[in-house]
Amino acid sequence: MITARGVKPVVRVQWPRKAFWLYGVVEPTSGWHFCQEYPHLNSENFQKFLDVLFQELGSDMALMQMDQASAHQALALSCPENIIPIFQTSHSPQLNPMERLWQFIKRQFKGESFSHLDQLRQ
């Protein structure tokens with residue numbers, strides 16, 4: 001907050017928030033979706049997500065459309081045989097169905113502050 005010299009600002013306390021990342025996929029025609037929560041957005045957690053998704057898919061094959069985030073393109077990633085990655089062009093989140101789901105979720109909770117994540121389930 002900007003104030004005049006010598007004037008101490010009076011503001012509401014903003015308590016620190018704990019962040020987490022949801023990794024997810026959605027099948028746009030059926031609505032089938034799968035999400036996992038991770039503490040960071042990085043290639044290590046993305047590999048964990050791919051491994052769990054591989055198990056979830058079983059014998060099904062999936063085309064997985066992704067943006068060009070560094071976590072998605074890390075050289076150390078090993079994509080399971082039932083997941084075929086397709087990288088969308090840069091700066092085109094509107095092409096990815098999952099991005100539209102994230103936008104919908106964010107709109108629902110914009111400006112909200114929860115003391116505990118269990119409040120989201122109410």
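The questions and answers below go through a predicted model of a single chain.

Student: In which order do the elements of the chain run from the N terminus on?

Tutor: In this predicted model, the chain has three helices and four strands. Read from the N terminus on, these elements run in the order β-β-α-β-α-β-α.

Student: What is the radius of gyration of the chain, and why does the chain count as more spread out than a compact globule?

Tutor: For a chain of 122 residues, the globule rule gives 14 Å, and the chain lies well over that value, so it is more spread out than a compact globule. Its C-alpha atoms fill a box of roughly 65 × 35 × 25 Å, taken along the principal axes, and buried residues make up 21% of the 122 residues. The radius of gyration asked for is 19 Å.

Student: How many bridges join strand β1 to strand β2?

Tutor: Strand β1 covers residues 21–26 and strand β2 covers residues 33–38, and the two run antiparallel. Within this pairing, L22 stands opposite E37 in β2. The hairpin that β1 and β2 form has six residues between the strands, and in it G31 takes a positive phi near 90°. The number of bridges that join β1 to β2 is six.

Student: Is Y38 buried or exposed?

Tutor: Y38 lies in strand β2, and its C-alpha atom is separated by 6.3 Å from that of L22, although Y38 and L22 are 16 residues apart along the chain. Since a residue under 20% relative accessible area is called buried, the 9% relative accessibility of Y38 is the value that decides the matter, and Y38 counts as buried.

Student: Which residues do ring pairs link into a cluster?

Tutor: The count of aromatic pairs in the model comes to five. One of the residues in the cluster is Y38, which lies in strand β2. The residues that ring pairs link into a cluster are Y23, F34, Y38, F46 and F49.

Student: Which residue forms a salt bridge with E44?

Tutor: A salt bridge needs a side-chain nitrogen of Lys or Arg within 4 Å of a carboxyl oxygen of Asp or Glu, and here the closest N and O atoms are 3.7 Å apart. Both partners lie in helix α1 (residues 43–57), four residues apart, which is about one turn of the helix.

Student: How far apart are the C-alpha atoms of Q55 and P97?

Tutor: Q55 lies in helix α1 and counts as exposed, because its relative accessibility is 58% and exposed means over 50%. Along the chain, Q55 and P97 are 42 residues apart, and the separation of their C-alpha atoms is 22 Å.

Student: Which residues make the nonpolar surface patch of about 400 Å²?

Tutor: A residue in such a patch must have over 30% relative accessible area, and I84 is partly exposed, with a relative accessible area of 37%. I84 is found in strand β4, which covers residues 83–87. The residues that make the patch are M61, L63, I84 and I86.

Notes: Residues numbered from 1 in each chain as written. Predicted model: local features only at pLDDT ≥ 70, side-chain atom pairs only at ≥ 80, totals over all residues. Heavy atoms only, no water. Patch = residues over 30% accessible without salt bridge, like charges linked within 9 Å, V, L, I, M, F, W, Y side chains within 5 Å. Areas by Shrake-Rupley, 256 points an atom, 1.4 Å probe, with all protein chains shown as cover. Buried < 20%, exposed > 50% of the residue type's maximum accessible area, 1.4 Å probe, protein only. Pairing = 2+ DSSP bridges. Phe/Tyr/Trp six-rings, centres within 6.5 Å; stacked < 30°, edge-to-face > 60°. Rg over C-alpha atoms; globule rule 2.2 N^0.38 Å.
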